[in-house]
Amino acid sequence: MPTSPDLPTGLLRPALAGVDPYEPGRPVEDVQRELGLESVVKLASNEGPFPPMPGAIAAIAAAAGGQRCYPDPGAWALRDALAARLGVGAERILPGNGVDSLIKLLCLAVLDPGDELVMGWPSFLSWRQGALMMGAAWRGVPLGPDGAYDLDALAAAVGPRTKLCVMVSPNNPTGAAVAKGDLDRLLDALPPHVLPVLDEAYFEYLPEGGHDGAALVRAGRPLVVMRTFSKAYGLAGLRVGYLLGPAGLVRALHRVRNAFDVNGVAQAAALASLEEADEHLPPRIALCRAERTRMADGLRALGLDPLPSEANFLLVEVGEDRAPLINRALLERGVIVRPARAFGAPGGIRITVGLPEETDRLLAAMAGALAG
Ligand SMILES: Cc1ncc(COP(=O)(O)O)c(C=O)c1O
């Protein structure tokens, strides 16, 4: 661990030396200030383009006055509502402060130095950080050509010290999902000392017939599923997600989580969102699919080759040398995208799919960036 003159020698755990801080997409205000631009669109963090659902906005306002008190520590109402909606027992559900926080909790509860987390790569950085921060080994397995996890290669990479076998599907940053049948086969193939984990942060965007982690948990499969309210539900700012898994694991995670980790406003908003999900999610998803197709067609017309995506973003490979230049040129045109280097794709640019006017703006900016 690099030393720092303002800290006692040896204070920090050596494992932290391998953990790079998570670099989020740049905020709009930041780019406006730096470049003196009035109008900036952010297509960098895979947030949904819609505000919270109307009932959630009302619930947020109603909850504001009650914030003198700590929230319900177990988020019981939210747990019960999720249990009813998903048909999974409440004892197998753990709401958390976003999936990001649940990833860290799972790693904290499970991984010791010498243990191993296996996952596909390029993929979601937090899983890698979670393993490395515990001093555990991390193994990234190359993806298939379509950008989805190669489940045979993943199973082959599992070793005697592997404890967590993580699948991100749809995968971030590539957007590709694994097929349901392939997932079933992998679950059958994994040895019993390994806990499979399915990160379904983009579950809502999957087409009909796609995998459904909740159904697997309901069927008694011993796996962990993670989902979030940050994307299709439009609650990224409130930080709320949930984990489904074996009851014994949920009990263990209660030992390591913070007592009040889902704040009261987030609990109220997530609960209200579930009540309106059937009404509001389908049009959101339909718009995302239409804009994703339009964006992909537009990028192809510019000579780029986005990977097929089942999520609310696209990955385009522009080459390691060109990626920072194109990123900068897009910024100067008021469009924030996400270079995918930290996710293991140094020549990739990840673009979140948003509203029609944002697609127009991105395509015009990209045309300018490629020409310039
Ligand atoms: C695959 C994946 N998992 C988890 C997360 C984190 O979600 P949350 O906002 O719930 O922390 C993200 C966010 O981008 C993601 O892409």
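Where is Pro173 found? I started there and placed Pro173 in the loop between β5 and α7. The model is predicted, and I kept that in mind for every entry below.

**Entry 1: cis peptide bonds**

The bond from Asn172 to Pro173 is cis, with omega near 25 degrees. I then checked Pro170, which lies in the loop between β5 (162–168) and α7 (180–189). The bond from Ser169 to Pro170 is cis, and its omega is near -10 degrees. I noted both because most peptide bonds are trans.

**Entry 2: a positive phi**

I went through the backbone angles and stopped at Ala75. Its phi is near 45 degrees, a positive value in a residue other than glycine. Ala75 sits in the loop between α2 (54–64) and α3 (76–86).

**Entry 3: domains**

I took the domain assignment next. Domain 1 is given as 14–51 + 278–371, and domain 2 as 54–276. I found the centres of domain 1 and domain 2 to be 24 Å apart over C-alpha atoms. I then listed the contacts: 32 residues of domain 1 meet 33 residues of domain 2. On the domain 1 side, the elements that give two or more residues are α10 (264–301), β9 (313–317) and β12 (348–352). Which element gives the largest share of that side? I found that α10 does, with 6 residues. I sorted the side of domain 1 that touches domain 2 by class and got 19 nonpolar, 8 polar and 5 charged residues.

**Entry 4: α10 against α12**

I followed α10 to helix α12 (residues 356–371). Their axes are 10 Å apart, and the packing angle is about 10 degrees. The cut-off for roughly parallel is under 35 degrees, and α10 and α12 are therefore roughly parallel to each other. I wrote down the residues on each side. From α10 they are Glu291, Arg294, Met295, Gly298 and Leu299, and these meet Pro356, Thr359, Leu362, Leu363 and Met366 of α12. By class, this contact has 6 nonpolar, 2 polar and 2 charged residues.

**Entry 5: the sheet with β9 and β12**

I traced β9 and β12 into an open sheet. It has 3 strands in the order β9-β12-β11, and the pairing is antiparallel. Which are the edge strands? I found β9 and β11 (338–339) at the edges, each of them pairing on one side only. I checked the pairing of β11 with β12, which is antiparallel over 2 bridges. For Arg338 I looked up the bridge partner in β12, and this partner is Arg350. I also noted that helix α11 (residues 322–332) packs on the sheet and touches β11 and β12. The direction of α11 makes about 35 degrees with that of β12.

**Entry 6: the ligand shell**

How many residues surround the ligand? I counted 13, and the closest are Gly98, Asp100, Ala201, Thr228 and Ser230. Helix α4 (residues 98–110) gives the most to this shell, with 3 residues. I sorted the shell by class and got 5 nonpolar, 6 polar and 2 charged residues.

Notes: Residues numbered from 1 in each chain as written. Predicted model: local features only at pLDDT ≥ 70, side-chain atom pairs only at ≥ 80, totals over all residues. Domains from an automatic or database assignment. Contact = placed C-beta atoms within 7 Å. Helix = DSSP H or I, 4+ residues; strand = E, 2+ residues; numbered from the N terminus. Nonpolar A, V, L, I, M, F, W, Y, C, P; charged D, E, K, R; others polar. Near = placed C-beta within 6 Å. Axes fitted to C-alpha atoms, helices over the stretch in contact; angles between N-to-C directions. Parallel < 35°, antiparallel > 145°, perpendicular 65-115°, else oblique. Pairing = 2+ DSSP bridges.
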